[in-house]
Amino acid sequence: IIDEISMIPGQAFALAEELCREARSSNLVWGGLRAIVVGDFAQLPPVTRGTQRDWCFLSPVWDKSGFINVVLRENQRVLDADFIEVLNDIREGNLSERAKSFLDHHVREHDDWDKSPRLFSRRDHVEKFNQGELAQLPGEDLVFDSIYFGSDRGVEQLKKSGPVPGRLVLREGAQVLFIQNDPNKRWVNGSRGTVVGVETDDTGLERIAIEKENFRHVTVDRVQFSLLDGDGQHVASVVQYPLILGYATTIHKSQGATMDEMWVNLSNLWEPGQAYVALSRLRTGQGLRLLGWHPRSFLVDPQVIHFYNSLE
């Protein structure tokens, strides 16, 4: 089962199929396994080099897989029928009059006192905003250094693009996001909460106490994030709490999340589906605080349109 299939490059998709055949010593497609892929190619594309996007539906393996296509029609997140119509227009790259009217109606002057989550297109903007919000909280910094081990090259790669910062800095009252599913199901990737404090047990082990949005208190241990090579061997690992500051996040990281309210600027986006992903995080259009928008930000890849037309 592959979720968020739009973000899987065709090269990785083909490799996964080849590995299944190898693992099962079978020449059947996917080694005879049943493959289920889920997602929406009108959302964010795979990260690829160059101008040609490596959509997995363009891979020969896609046709060879013989998928039975199931188009889901009922929106499970959005509760507002008028908002769904606007989202459908934007998803198809149709900046209709009702879509333009909707966007204009929700443009706001920024309100520093409104603590609704912020979505940014770039990571440096997210980091700047999160640090600015943290600095406004009273109290002392709670500092937790990440622990790295493994090959020098692997550690360097984890420091550049790993899921956690080299140093996690929090304060009591800070808003945080969980970045990993809890095996005990107390939280999932994307859950939100507020730092209550740090608890230390008899052995000196520190745990961060978090009050989740549903007012449930949980304590969080450090966990290990690992970088693997092509053979599945550990190259490097980092040990850190599965938390990041949660006042703002990127549009890319928000894919799959659900929000009641948010601030976002749709003036200077560059990826197909980026504007649609940002807007479709909301349950209703009333939760949108829009700092600005521009028609050039509402992009759809023609290959995606052709793919969905072929399904029809």
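**Figure 1. Ala257 and its contacts with Arg77 and Arg281.** In this predicted model, Ala257 touches Arg77 and Arg281 once its neighbours within four places in sequence are set aside; a contact means heavy atoms within 4.5 Å. The residue sits in the loop between α7 (251–254) and β13 (262–266), where helices (H or I, at least four residues) and strands (E, at least two) are DSSP runs numbered from the N terminus. With a relative accessible area of 23%, Ala257 is partly exposed; buried stands for under 20% relative accessible area, exposed for over 50%, and partly exposed for what lies in between, with a 1.4 Å probe and protein chains only. Trp62 is 195 residues away from Ala257 along the chain, and 27 Å separates their C-alpha atoms.

A word on conventions for every view: residues are numbered from 1 along each chain as its sequence is written, and side-chain values use heavy atoms, with hydrogens and water left out. Because the model is predicted, local features need pLDDT of at least 70 and side-chain atom pairs count only at pLDDT 80 or more, while totals for chains, interfaces and linings use all residues.

**Figure 2. Arg289 in strand β14.** Here we look at strand β14, which covers residues 288–293 and includes Arg289. Is this arginine buried or exposed? Arg289 counts as buried because its relative accessibility is 17%. The side chain of Arg289 meets that of Asp114 in a polar contact of 3.2 Å. A polar contact is a pair of N or O atoms within 3.5 Å; within protein, one must be able to donate a hydrogen and the other to accept it, and residues adjacent in sequence count only if both atoms are side-chain atoms. Beyond four places in sequence, the contacts of Arg289 are His106, Arg108, Asp114, Ser116, Glu261, Met262, Trp263 and Val264.

**Figure 3. Ser116 and its polar contact with Asp114.** Ser116 belongs to the loop between α4 (97–105) and β1 (118–120), and its relative accessible area of 5% makes it buried. Which residues does Ser116 contact, leaving aside its neighbours within four places in sequence? They are Tyr247, Glu261, Met262, Trp263 and Arg289.

**Figure 4. Leu177 in strand β5.** Strand β5 runs over residues 175–178 and holds Leu177, a buried residue with a relative accessible area of 11%. Gly246 lies 69 residues from Leu177 along the chain, yet their C-alpha atoms are separated by 4.9 Å. Gly246 is also one of the contacts of Leu177 beyond four places in sequence, and others include Gly190, Ser191, Arg192, Leu245 and Thr249.

**Figure 5. Phe13 in helix α1.** Phe13 is a residue of helix α1 and counts as buried, at 0% relative accessibility. Apart from residues up to four places away in sequence, Phe13 touches Ile2, Ile5, Ile8, Trp30, Val37, Cys56, Ser59, Val61, Trp62, Ser65 and Phe67. Leu266, in turn, is 253 residues from Phe13 in sequence and 31 Å away in space, C-alpha to C-alpha.

**Figure 6. Positive phi at Glu4 and Lys185.** Most residues other than glycine have a negative phi. Glu4, not a glycine, has a positive phi of about 50°, and Lys185, likewise not a glycine, has one of about 65°. Glu4 is placed in the segment before α1 (10–23) and is partly exposed at 25% relative accessibility. Lys185 is placed in the loop between β5 and β6 (192–200) and is exposed, with a relative accessible area of 73%.

**Figure 7. The whole protein, for orientation.** Of its 312 residues, 41% count as buried. Among the contacts with a separation of 6 or more, 66% come from residues 24 or more positions apart.
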